[in-house]
Amino acid sequence: SFLLLSLDDIIHTSRLFSYTELFTRTRRYQIVDHEARLDAIESLKKMIYSWLTETYPEMKDREKRTRADRMDMSLIEMKKEENMKTIYEINSVVRMSLIEMQFIKKEMLNAMYAMDEMMTSNEINMNLAAVTPAVLIMYCVRVMSRYFYYFLLKLGKSQEETYASFRHILLDVERLLVMRDRPAAPPSPIGVDRQENGIGGLQSQDHVLSSDDLGMLMLHVHGCRTILWQDQRRFSPQLLRDVSEDLAELAGERGVVTVRQQLQILARMYRVYPFMKVVSTGIPFDLTVGRKVI
């Protein structure tokens, strides 16, 4: 029970995080606070401008503004190097050191901001990399579940078995129609030429199935329609419509058809529909197998 509760907590947490990540936020969590970064930059500019005003009063205000906006530390570094030679300028050195620390803080925040931008631009790649293992696991589970469902439990038919059942029924239909296509004429009376009843003793005209044969054909058509209805997820909607229409023509529901026309309908179905074609397994056939050696 403890394991089941832990598994439920993990699944609930994963679902909640996925929903939060996909539907409740426009961006990922940021490393740096952008407002703090902007405040640090403005503070550094003010500190540089104030230091230039007190240290170089003769400098033009425009140049001071320019150096402050560019956050130029060259004059501060030079002045600090000069003041480090004597102990009397210790206050000035401390002040310049604080300005340098503010500059280092600004550079650190800028680096973190660049990392945020890089991670944001590569977020879709990271999401795909994170989803790939889950997709592979789901595919493996699907394959194993289908194998367990069809081959071990025998609870249903696979796609290949469904197509094979359909082809077997149509094979019985073809056998029936071939045997009824231009059957041999009954024996002629003695003294009557066989050529009068038909060419070579066969009926020359096309004919339709008898009531008994038509009933057998309807049973086969019903079997095909049962497969289409029970396993319709194995067929596309367009394929279902086309096959149903061909079965209706084969059964004579669209008008009277001769045996020759029914054979042509079967030939068209074998020619048009991909699932009616039997793919070779590629196993070579050896005529020498089973031959006795003399």
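View 1. Arginine 268 has a relative accessible area of 29%, so it counts as partly exposed. Everything here comes from a predicted model. One of this residue's salt bridges goes to aspartate 246, at 2.8 Å from N to O. Since arginine 268 belongs to helix H10 (residues 259-272) and aspartate 246 to helix H9 (residues 237-250), the pair ties together parts that are 22 residues apart in sequence. Aspartate 246 counts as buried because its relative accessibility is 7%, and buried means under 20%. Glutamate 249 also forms a salt bridge with arginine 268, and here the closest N and O atoms are 2.9 Å apart. That pair, too, links distant parts of the chain, with glutamate 249 in helix H9 and arginine 268 in helix H10, 19 residues apart. With 24% relative accessibility, glutamate 249 counts as partly exposed.

View 2. Side chains of opposite charge can pair when their charged atoms come close. Across the structure there are 13 salt bridges.

**View 3. Lysine 80 meets glutamate 100.** In this salt bridge, the closest N and O atoms of lysine 80 and glutamate 100 lie 2.8 Å apart. Lysine 80 sits in helix H4 and glutamate 100 in helix H5 (residues 90-121), so to speak a link between distant parts of the chain, 20 residues apart. Are the two ends buried or exposed? Lysine 80 counts as buried because its relative accessibility is 19%, against a cut-off of under 20%. Glutamate 100 is buried as well, at a relative accessible area of 13%.

**View 4. Methionine 71 and its positive phi.** Zoom in on the loop between helix H3 (61-70) and helix H4 (74-83), and there is methionine 71. Its phi is near 50°, which is a positive value in a residue other than glycine. Methionine 71 has 15% relative accessibility, so it counts as buried.

**View 5. A patch of negative charge.** Asp33, Glu35, Asp39, Glu42 and Asp69 gather on the surface in a patch of negative charge. Which helix gives the most to this patch? That would be helix H2 (residues 34-55), with three residues. Aspartate 33 has its place in the loop between helix H1 (2-24) and H2.

**View 6. Zooming back out to the chain.** How many helices and strands does the chain have? Its secondary structure comes to ten helices and zero strands, and the pattern along the sequence reads α-α-α-α-α-α-α-α-α-α. Of the 294 residues in the chain, 26% are buried. The accessible surface comes to about 21,500 Å², and carbon and sulfur atoms hold 62% of that. As for contacts in the chain with a separation of 6 or more, 65% of them are between residues 24 or more positions apart.

Note on methods: Residues numbered from 1 in each chain as written. Predicted model: local features only at pLDDT ≥ 70, side-chain atom pairs only at ≥ 80, totals over all residues. Heavy atoms only, no water. Patch = residues over 30% accessible without salt bridge, like charges linked within 9 Å, V, L, I, M, F, W, Y side chains within 5 Å. Areas by Shrake-Rupley, 256 points an atom, 1.4 Å probe, with all protein chains shown as cover. Salt bridge = Lys/Arg side-chain N within 4 Å of Asp/Glu carboxyl O. Lys, Arg positive; Asp, Glu negative; His and termini not counted. Charge placed at Lys NZ, Arg CZ, Asp CG, Glu CD. Helix = DSSP H or I, 4+ residues; strand = E, 2+ residues; numbered from the N terminus. Buried < 20%, exposed > 50% of the residue type's maximum accessible area, 1.4 Å probe, protein only. Contact = heavy atoms within 4.5 Å.
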